[in-house]
Amino acid sequence: MDRRELLKIALDSVANQTRACAEAIVIDAGHDGSDALCAQYPFVRYVRQTTKGMTPARNEALRLVTADYVAVLDSDDYYEPRFLEVCGDLLDRGADVVYSRGYRVSGSKREPILVNHRQPEQFLRAMVDDNFLIASFVVQRTACFQKVDYYREGLALADDYDLYLKFCLAGFRFAHAPESLSNRLHHDGSLTLVYPADNIKTIAEILTFYGPEICRKLGCSMEQLLAPTEFRMARHFFERGDLSSSRREFQKILRRDPRQLRAWAYWLACLAGPLSLQVFRRLQKLKQRVEGQLSGWGLRERRW
């Protein structure tokens with residue numbers, strides 16, 4: 001909606017694929033001339049949105065897909081030239097869902113993300129612990145959407161996380177393309193940047209919604225299921241500088257399970273005040289530099 005300039009970057013990246021895209025369906029709710037832009041691309045099928053909201057727009061497009069494979073590219077993201085080739089090859093070999101590494105782009109800065117992720121041995125367990133799939137980094141069989149009744153509507157955020165949990169529960173075969181093949185653009189309109197706390201809350205709601213089935217498959221309690229998300233929320237407050245809220249959240253975690261050493265460390269850092277936050281941020285930058293260097297040398301890969 002009203003993202004003509006960003007949409008051009010996205011469509012150019014589709015046009016430049018080494019494995020041709022049969023059709024790109026664009027659902028438009030804006031009035032900025034995106035229809036004229038789409039007319040310049042012979043592979044684009046332009047549709048005025050008849051539904052309301054982002055998730056219904058995705059479902060509206062997906063129900064029009066006739067190809068066997070489909071990718072969901074947000075209008076503010078774009079592909080590397082070999083994205084469809086590499087991911088399509090893994091689908092040709094039997095995978096149901098393929099996800100790649102990629103880049104986070106913010107202004108002139110471009111940094112690798114998901115470089116330490118590989119295909120986990122237990123995909124559902126990994127998805128509970130860490131929401132590491134990004135919609136614009138994934139290609140899947142169209143039948144996968146049809147079997148789980150598409151995206152669940154009514155969620156303000158994290159509809160892609162909800163979808164991938166459904167894929168896990170349905171038993172689909174995931175495959176990892178260990179190359180950086182897509183780009184996620186961070187800007188003032190990025191929902192996960194504008195509403196990070198709301199995004200974490202929604203993830204907790206999604207886990208609760210599927211909780212009984214997930215707990216049955218993983219052999220865990222609801223309390224254990226929600227623990228990683230609770231920790232993520234407490235850490236979010238800390239990183240934002242809201243030490244009082246962070247301390248309160250970590251106290252809840254420690255009352256339930258005093259063996260959480262990481263929670264104790266954060267709780268003590270909250271008591272130490274703003275100085276501890278400065279130290280934390282410097283350590284985080286150092287950690288990112290070291291991990292980036294190790295990844296560049298091929299010496300570090302996260303093992304699930």
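Start with Asp257 and Arg259. Their side chains meet in a salt bridge, 3.0 Å from N to O. This is a predicted model, so take that distance as computed. The cut-off for buried is under 20%. Arg259 is exposed, with a relative accessible area of 69%.

Salt bridges with shared partners join Arg58, Asp74 and Asp159. In total, the structure holds 22 salt bridges.

Two more pairs. Lys8 and Asp12 form a salt bridge through their side chains, 2.9 Å from N to O. Both sit in helix α1, residues 4-15. They are four residues apart, so about one helical turn separates them. Lys8 is partly exposed, at 35% relative accessibility. Asp12 is partly exposed as well, at 25%.

Now Asp96 and Arg141. Here the closest N and O atoms of the salt bridge are 3.3 Å apart. This pair links distant parts of the chain, 45 residues apart. Asp96 lies in the loop between α4 (83-92) and β5. Arg141 belongs to strand β7, residues 138-141. Asp96 is buried, with a relative accessible area of 9%. Arg141 is partly exposed, at 22%.

On to the nonpolar interior. In soluble globular proteins, nonpolar side chains tend to be buried together. The largest nonpolar core here has 44 residues. Which members touch the most others? Met127, Phe145, Leu165, Phe167, Leu207 and Ile214. Several elements supply at least two residues each, including β5 (97-106), α5 (123-129), α9 (196-209) and α11 (222-240). Helix α7 gives the largest share, seven residues.

Take Phe167 as an example. Leave aside its neighbours within four places in sequence. Phe167 is then in contact with Val97, Gln140, Cys144, Phe145, Val148, Phe172 and Phe174. There is also a second, separate core, of 23 residues. Among its members are Val26, Leu84, Val98 and Ala177.

Next, Thr229, in helix α11. Is Thr229 buried or exposed? Buried, with a relative accessible area of 2%. What does it touch beyond four places in sequence? Thr229 is in contact with Ile200, Ile203, Ala204 and Leu207.

Now the outside. Leu275, Val279, Leu283, Leu286 and Val290 form a nonpolar patch on the surface. Together they have about 460 Å² of accessible area. Leu286 is in helix α14, residues 274-296. Its relative accessible area is 42%, so Leu286 counts as partly exposed.

Last, the whole chain. It has 14 helices and eight strands. How does the radius of gyration compare with the globule rule? The chain comes out at 20 Å, close to the 19 Å that the rule gives for 304 residues. So the chain is as compact as a globular protein of that length. Along its principal axes, the C-alpha trace spans about 60 × 45 × 40 Å.

Buried residues make up 47% of the 304. Of the contacts with a separation of 6 or more, 69% are between residues 24 or more positions apart. The accessible surface is about 16000 Å². Carbon and sulfur atoms account for 51% of that surface.

Definitions and conventions. Residues numbered from 1 in each chain as written. Predicted model: local features only at pLDDT ≥ 70, side-chain atom pairs only at ≥ 80, totals over all residues. Heavy atoms only, no water. Core = buried A, V, L, I, M, F, W, Y, C linked by side-chain atoms within 4.5 Å. Buried < 20%, exposed > 50% of the residue type's maximum accessible area, 1.4 Å probe, protein only. Contact = heavy atoms within 4.5 Å. Patch = residues over 30% accessible without salt bridge, like charges linked within 9 Å, V, L, I, M, F, W, Y side chains within 5 Å. Areas by Shrake-Rupley, 256 points an atom, 1.4 Å probe, with all protein chains shown as cover. Salt bridge = Lys/Arg side-chain N within 4 Å of Asp/Glu carboxyl O. Rg over C-alpha atoms; globule rule 2.2 N^0.38 Å.
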